[in-house]
Amino acid sequence: MNSDNDLQIAGDILEVPHLLQPPREHPATVAEFVGLARAVAADRSQWAHLVRYDATTRWYHRLRTGPGYEVWLLSWVPGQGSGPHDHGRSSGVLTVLEGTLTERTERGTRALTFGTQRVFAPGYVHEVVNDTLEPAVSLHVYYPGLTEMPMHASPHCEARSEPRAVTA
């Protein structure tokens, strides 16, 4: 029986090492960067003790670097926001570790709750704000590492709303 869908491997594939791809030491695909963000998020011992809250400015800490990428930890007290910006030539993964953040783009507004991940390409313009009455923490992976964050005028983003309470 010869058909396009009856490919079978006889024997143990591990006996044919030249067919196996070597495991990568560092992420190289979008899925691998998302996986990195999830792994760091899941291990609170890597980041929870580092979080600080600053009422005057967003707090941030570079958590890790690798070949061409950076991992940042940010905290957001109620009312703090990034302003409309992009990430230059960097792509990224944003993961909410605690609390709720609001992302505004020209396409609308979305709430980013615990565990939410957003993947974005170079040139993606957005604004991230803590519109709640509780602090929030987020993890950001940038590839290549973040070298610029051009700010934009805000007409493409919706008007800010009043802070709202988050119910547990």
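Strands here, like helices, are DSSP runs numbered from the N terminus (helices H or I with at least four residues, strands E with at least two). Strand 8 covers residues 136–143 and runs antiparallel to strand 2, with seven bridges joining them; two strands count as paired if DSSP finds at least two bridges between them. Further along this pairing, Val71 has Val141 of strand 8 as its bridge partner.

This is a predicted model, in which local features need pLDDT of at least 70 and side-chain atom pairs count only at pLDDT 80 or more, while totals for chains, interfaces and linings use all residues. Residues are numbered from 1 along each chain as its sequence is written, and side-chain values use heavy atoms, with hydrogens and water left out.

Buried means under 20% relative accessible area, exposed means over 50%, and partly exposed lies in between (1.4 Å probe, protein chains only).

Strand 2 is mostly covered, with eight of its eight residues buried. In a regular strand the side chains alternate between the two faces of the sheet. In strand 2, Tyr69, Val71, Leu73 and Ser75 point one way, Glu70, Trp72, Leu74 and Trp76 point the other way, and all are buried.

Strand 1 (residues 59–66) pairs with strand 2 in the antiparallel sense over seven bridges. Gly66 stands opposite Tyr69 in this pairing. The hairpin of strand 1 and strand 2 has two residues between the strands, and Gly68 takes a positive phi near 85 degrees there.

After strand 8 comes the segment that holds Pro144. A cis peptide bond joins Tyr143 and Pro144, with omega about -10 degrees. Most residues other than glycine have a negative phi, and most peptide bonds are trans.

**The annotated histidines**

UniProt, in an unreviewed entry, places the feature "binding site" at His85, His87 and His126. The positions are given in the numbering used here, feature names are shortened, and annotations may be inferred rather than shown by experiment. These residues span 42 residues in sequence, yet no two of their C-alpha atoms are more than 9.5 Å apart, so they gather at one spot. His85, His87 and His126 are included in the lining of the largest pocket. On a 1 Å grid over the protein atoms alone, a pocket is an open set of points with protein on both sides within 12 Å along at least five of seven lines, whereas a cavity is a set where a 1.4 Å probe fits but cannot get out; lining residues have an atom within 4 Å of a point.

His85 lies in the loop between strand 2 (69–76) and strand 3 (91–98). His126 is in the loop between strand 6 (117–120) and strand 7 (127–129). Contact means heavy atoms within 4.5 Å. Not counting residues up to four places away in sequence, His85 touches residues including Tyr124, His126, Met149 and His152. With the same exclusion, His126 touches residues including Gly83, His85, His87, Glu103 and Arg104.

**Asn130**

Asn130 is in the loop between strand 7 and strand 8. Residues touched by Asn130, not counting those up to four places away in sequence, include Trp76, Gln80, Thr100 and Ala136. The side chain of Asn130 has polar contacts with the backbone oxygens of Trp76 and Glu134. A polar contact is a pair of N or O atoms within 3.5 Å; within protein, one must be able to donate a hydrogen and the other to accept it, and residues adjacent in sequence count only if both atoms are side-chain atoms.

| Side chain | Backbone oxygen and distance |
|---|---|
| Asn130 | Trp76, 2.9 Å |
| Asn130 | Glu134, 2.8 Å |
| His85 | Gly83, 2.8 Å |

How buried are these loop residues? The relative accessible area is 3% for His85, 2% for His126 and 0% for Asn130.

**The whole protein**

The protein has one helix and eight strands, in the order α-β-β-β-β-β-β-β-β from the N terminus on. Buried residues make up 38% of its 168 residues. Among contacts between residues at least 6 apart in sequence, 72% join residues at least 24 apart.
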